[in-house]
Structures are given as structure tokens and as C-alpha cells.
Amino acid sequence: MSDQSIIDYILHLGDNALVLGHRNSEWTGHGPILEQDIALSNIALDLIGQARYYYQYASRCINAADGASRPFPGHEALTEDVLAYHRDAWDFRNCLLVEQSNGHWGKTVLRQFFFSAWQFELYGALRHSRDSQLAAIAAKSLKEVTYHLRWSGEWVIRLGDGTEESHTRMEEALGDLWKYTGELFVPADYEKPLALSGVAVDLATIRPAWELKVGEVLEAAGLERKEGEWMQKGGKQGKHTEALGYLLAEMQFLQRAYPGCEW
Amino acid sequence: MANTVTDNTTIQELWTLLGEVNDPEVPVLSVVDLGIVRDIRIVKDSPGSANGTPEIVITPTYSGCPAMDMIRANIRMHLLEKGFSDVRIETVLSPAWTTDWMSEAGKQKLEAYGIAPPMPTQTVCRLEMFSREEAIQCPHCHSYHTTMISEFGSTACKALYRCEDCKEPFDYFKCH
């Protein structure tokens, strides 16, 4: 296990949280009703808080790494903000699912549900990581993710099993998003040695529980999952869909234009 | 003159001082009532030295709580006012914060302020869809005839409720 593989893994976990947190925050002030606007904004805050834990940890690891092999050599004392605002799309290690556009409310809650169901199982296992900081972040965040999972799952059922219109739109959202769920269970090269040494989660072990939860909720929602569909991947290696570039352009603009700016 | 940090009296004094630092979002609760302050120790300047630096160990409530940076700043400012010019604040994540750590005095202050305190028995979020926590008592008229409006309220730590008897909306500081 090299220093680089654990840094990539921490960034992968942090990028998932930041990118989905940012996507959700795009709804703030635009939610269908006030209470749900607040709910999704709270979920966004939880995720951005998680991202900060990971970036703080990653920057400590990077700053402690040897000069020659150190990533992001341009920054002498790397901070969480540099990791969030000064990396480009190919440096981001998030899954493709989280960067997909919000679309309508139904697509947003379905994206959240697929992700929260995965994060719930992932953190449940990561609590026992041999890396004590990853274990602490997972244990801390798991309670929050439980709320995210119940909230998003209820919305998927409510809309899937709602009116003809809402059902049609959920089917459409499922068609848009299902192809990005396969990647959640494909380990990246940096992840494999970490899973063997008990630092990262072996994704194969959490897949059955995810399948079960997703199957239950989709069935209650009257939605049929696609079998044998082509699964798109690449995000964990930095190969992203077009959507991420636009997201970063907006999220990073201020720090790119005025580096280190504070208010 | 800066306070000299020497012994257990100082640690007791620091606990009392932190009891005067309030949470910015729920200003009736101090950071001690909330259970955010986990430990206070004195780090000796050198082995055997009489002098040392206070180290305050805190833990965040929710990961995304935007008040944490302000809480750190408020702790530093208050201790500075009281003569502790050099204070270290360390943030730990483990063990994860729980509303079980909220003091009894804190729970009473919350209720008097109009926020329903966390249930005495921990009833955290269950996974079954549409499952709901036990009835929460209205902090205004004490009725149990209440309905949850949203499990996410004005801050991450609260849920939004309505009393069906006195018809008032209220915040519930949810178990965590």
C-alpha cells in the first residue's frame, strides 16, 4: 500500500460527498416547498461537512508525503480549500452518479437514494477500518446518512407510487440514472490493495445489502429496475461526464479568480 | 497579566468559564450543556514545569454544522477575555457526539426556551420507510398530540413539529 493509494481513496470519498453536496445545494431557495427545500439543504450541509473531514485528512497526508512523490507540488502547505477549489475535473475521484444534473425533483431524490443506500452500507463497514481516522469519519457520518436514506427512499416511493405524471417522471429518472450505479461496486486500482489490508471497504461485501434495499424501495414505488443494462464507469479514475466541468466552473469560480479570498 | 495555569483548580475554573460560552444557534445552551466539550487538560510547557497551556477538546454535533467554526472562535475569545492568552483547541470525531451527552440542565433550558428536548430514551432514526419516532411532547402545552412536519428543521439538529392541541409549531431537538 503506497501513500498515493490512500490519498486517492480519501479523495474519492471526499469528492463523492462534496460533489453531491454541491448538487443538492443548487436546490436551496428553489425547493418545491419550504420544508423540503430545508431538508435537502440540510443534507447538502451534512455532505459538505463530511467532505471537509476527508479533505482535512487528505491534506495532512499529502503534506506529510515525500517531496518527490508528493501530489499537487505547486502548493507548499496544502489545505482543504486547495483540494476543493484548485483541482480540475480529471483530479476528481467521485462516482459519475453524484455529478449528474439535478433534473426534476424526482431525479434528485432518486440520485440521493441510490447514493445514500450505498453510503449507508459503505460507512457501516468503514467504521471497522484499520485506519482510525476513516473509521471515525464513517461512524460520525453514519447517523446522518440514516436520515438521508429514509428521507430519499420515502420520496422515491411517494412519487413512484403517486400520480400517473409522477410515476412517468420517476421511470424517466430511473432510465437516466441506473447506468451510473454499477460503478459504485467496481473497485479502482488504488482501492484494491487498501481493501485487502482492511483500510478500505471491499465493495463486493456491501453489494447484496444495497441490492436488497434498492429492490425493496423500487418495488414499493412500482418501478422496475433495468436488468443487464450497460453500466458507465470511469469517475473514480478521473474520467468524468460533461456535467462535472460545469459544476466545478460554478463552484470554483471565486477561488480561481481570487485565490485565497476570504470574507 | 496572563493567568498561570497550574493545577486542578485551573481545570475546574476552565469548565466553569466554558459553561458561559453559548451555542450560537441555540443560545440558551452552553457548549458544556450540549456535550461538545469532551475534555480539558493542561499541556505542560516542559516536563516538571509549573506552567502549561490549556487544551480544550471539542467534538462537532453534526458534520455540516456551520456553527463549529464560530464555537471555536467564541471559546478562544471568552478565555482570552478571562486572561488565558494561549489556548489550544483540538477537534476529535470519535466517539461520535450523541444527544445522550446533553446535560439535564440543558434539557430543561431547551424546553423553557420552546424547543422540545431529545427524548430521554434514545430513539434515533430507524431505517424502515415511513417509520416515525414516538410522540414528542409539545413544549408549550405539554400535549403529546403532535405531528412531525419535517425531520429536517431550521438547523441540522432539529426537526419541525406541530401541536394538534394548541396549534403551535415547534422545534424538536432530535435524538442523535
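Author: In this predicted model, the crossing of α2(A) and α6(A) is left-handed. The two helices pack at an angle of about 165°. Their axes lie 11 Å apart. Angles over 145 degrees count as roughly antiparallel. α2(A) and α6(A) are therefore roughly antiparallel to each other.

Now the residues. From α2(A) come A39(A), I43(A), D46(A), Q50(A), Y53(A), Y54(A) and Y57(A). They meet Q133(A), I137(A), S141(A), E144(A), H148(A) and W151(A) of α6(A). Sorted by class, this contact of α2(A) with α6(A) holds seven nonpolar, four polar and two charged residues.

Helix α5(A), residues 105-126, packs on helix α7(A), residues 164-177. The angle is about 50°, and the axes are 9 Å apart. That makes α5(A) oblique to α7(A). The crossing of α5(A) and α7(A) is right-handed. On the α5(A) side, the contact uses G106(A), K107(A), L110(A), R111(A) and F114(A). On the α7(A) side, it uses S166(A), R169(A), M170(A), A173(A), L174(A), D176(A) and L177(A). By class, the contact of α5(A) with α7(A) counts six nonpolar, two polar and four charged residues.

Next, the partner chain. Chain B has three helices and seven strands. From the N terminus, its elements run α-β-β-α-β-α-β-β-β-β. Its C-alpha atoms fill a box of roughly 60 × 30 × 25 Å along the principal axes. Of its 176 residues, 35% count as buried. Take the contacts in chain B with a separation of 6 or more: 54% of them join residues 24 or more positions apart.

One sheet of chain B is open and has three strands. Their order is β1-β2-β3, with mixed pairing. The edge strands are β1(B), residues 37-44, and β3(B), residues 88-91, and each pairs on one side only. From one strand to the next, the twist averages 25°. Strand β2(B), residues 52-58, pairs with β1(B) in the antiparallel sense over seven bridges. Within that pairing, P54(B) of β2(B) is the bridge partner of I42(B). Helix α1(B), residues 8-18, packs on this sheet and touches β1(B) and β2(B). The direction of α1(B) makes about 140° with that of β1(B).

The other open sheet of chain B has four strands, in the order β4-β7-β6-β5. Its pairing is also mixed. At the edges stand β4(B) and β5(B), the latter at 146-150. Each has a single partner strand, so one side of each is left without a neighbour in the sheet.

Go across that sheet strand by strand. Strand β4(B), residues 115-116, pairs with β7(B) in the parallel sense over two bridges. Here A116(B) has Y172(B) of β7(B) as its bridge partner. Strand β6(B), residues 158-163, pairs with β7(B) in the antiparallel sense over five bridges. In this pairing, D171(B) of β7(B) is the bridge partner of L160(B). The hairpin of β6(B) and β7(B) has five residues between the strands. In that hairpin, K167(B) takes a positive phi near 70°. On to β5(B): four bridges join β5(B) to β6(B), and the two run antiparallel. There, T147(B) has R162(B) of β6(B) as its bridge partner.

Finish with β7(B), residues 169-173. Four of its five residues are buried, so β7(B) is largely enclosed by the rest of the structure. Burial here means 20 or more other C-beta atoms within 10 Å of the residue's own.

Notes:
Residues numbered from 1 in each chain as written. Chains lettered and ligands numbered in written order. Predicted model: local features only at pLDDT ≥ 70, side-chain atom pairs only at ≥ 80, totals over all residues. Pairing = 2+ DSSP bridges. Axes fitted to C-alpha atoms, helices over the stretch in contact; angles between N-to-C directions. Contact = placed C-beta atoms within 7 Å. Parallel < 35°, antiparallel > 145°, perpendicular 65-115°, else oblique. Left-handed = near helix turned anticlockwise from the far one by under 90°. Nonpolar A, V, L, I, M, F, W, Y, C, P; charged D, E, K, R; others polar. Buried ≥ 20, exposed ≤ 12 C-beta atoms within 10 Å, placed from the backbone.
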